[in-house]
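Here is a short walk through one protein model. Keep the sequence and the 3D view side by side as you read.

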Amino acid sequence: MNEAARLLRLLTERDQTLAVAESLTGGLVAAELTSVPGASRVFRGSVTAYATELKGVVLGVDGTLLAERGAVDPEVAQQMAAGVRELLGASWGIATTGVAGPDPQDGKPVGTVYVSAVGPSGSNKTVALRLNGDRAEIRKESVRSVLELLSSELRKDERAQDTEQNGGI
């Protein structure tokens with residue numbers, strides 16, 4: 001079972017939904033998720049905000065943040081995930097932003113990527129990646145990384161709930 005299928009199974013078991021905000025991956029995360037039969041039970045949809053201004057206009061990323069730091073920034077990734085979660089009414093939002101190449105962007109080298117997951121109860125985690133390879137490899141690894149990030153957050157949340165139900169043991 002691939003990472004997308006595992007992730008969708010975890011979300012289904014929890015009766016939770018997912019929305020995706022993508023920049024450098026250009027729709028690859030949504031394509032990976034929708035390649036799994038039954039994805040429609042939990043996958044709400046996605047926004048590919050490739051242009052920097054769309055991250056602000058559509059996803060609600062702070063315009064001052066975008067102006068000062070550019071689109072390739074951990075806080076931008078977090079705000080993209082939070083924004084798509086709210087926009088599409090999902091339990092979880094995940095996001096990708098970064099530089100796939102061939103040229104640096106916003107002063108950031110090729111392979112600089114941020115992935116983020118934002119969920120219920122204030123859950124949020126953003127991870128900085130420094131990826132090697134060509135454009136296709138960087139994009140593919142970004143997809144794998146954001147799906148793994150959310151799977152990890154769901155498993156961590158599951159362990160916390162089990163501990164809480166067992167009296168903190």
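A nonpolar core is a set of buried Ala, Val, Leu, Ile, Met, Phe, Trp, Tyr and Cys residues joined through side-chain atoms within 4.5 Å. Buried means under 20% relative accessible area. Keep in mind that this model is predicted.

Start with the largest nonpolar core, which has 31 residues. Leu7, Leu18, Val29, Leu33, Ile94, Leu147 and Leu150 touch the most other members. At least two core residues come from each of α1 (3–14), β1 (18–22), α2 (28–34), β3 (92–98), β4 (112–118) and α6 (135–165). The most come from α6, which gives seven. Now look at Leu7. Beyond its neighbours within four places in sequence, Leu7 is in contact with Leu18, Leu33, Leu147, Leu150, Ser151 and Leu154. In soluble globular proteins, nonpolar side chains tend to be buried together.

Next, find Asp73, in the loop between α4 (63–69) and α5 (74–88). Is Asp73 buried or exposed? Its relative accessible area is 7%, so Asp73 counts as buried. The side chain of Asp73 makes a polar contact with that of Arg69, at 3.3 Å. Leaving aside neighbours within four places in sequence, Asp73 is in contact with Leu65, Thr97 and Tyr114.

Asp73 also caps the N-terminal end of α5. One of its side-chain oxygens lies 2.9 Å from the backbone nitrogen of Glu75. Follow α5 along. Buried residues in α5 include Val76, Gln79 and Met80. After α5 comes Gly89, with a positive phi near 60°.

Terms used: Residues are numbered from 1 along each chain as its sequence is written. This is a predicted model: local features need pLDDT of at least 70, side-chain atom pairs count only at pLDDT 80 or more; totals for chains, interfaces and linings use all residues. Side-chain values use heavy atoms; hydrogens and water are left out. Buried means under 20% relative accessible area, exposed over 50%, partly exposed in between (1.4 Å probe, protein chains only). Helices (H or I, at least four residues) and strands (E, at least two) are DSSP runs, numbered from the N terminus. Contact means heavy atoms within 4.5 Å. A polar contact is a pair of N or O atoms within 3.5 Å; within protein, one must be able to donate a hydrogen and the other to accept it, and residues adjacent in sequence count only if both atoms are side-chain atoms.
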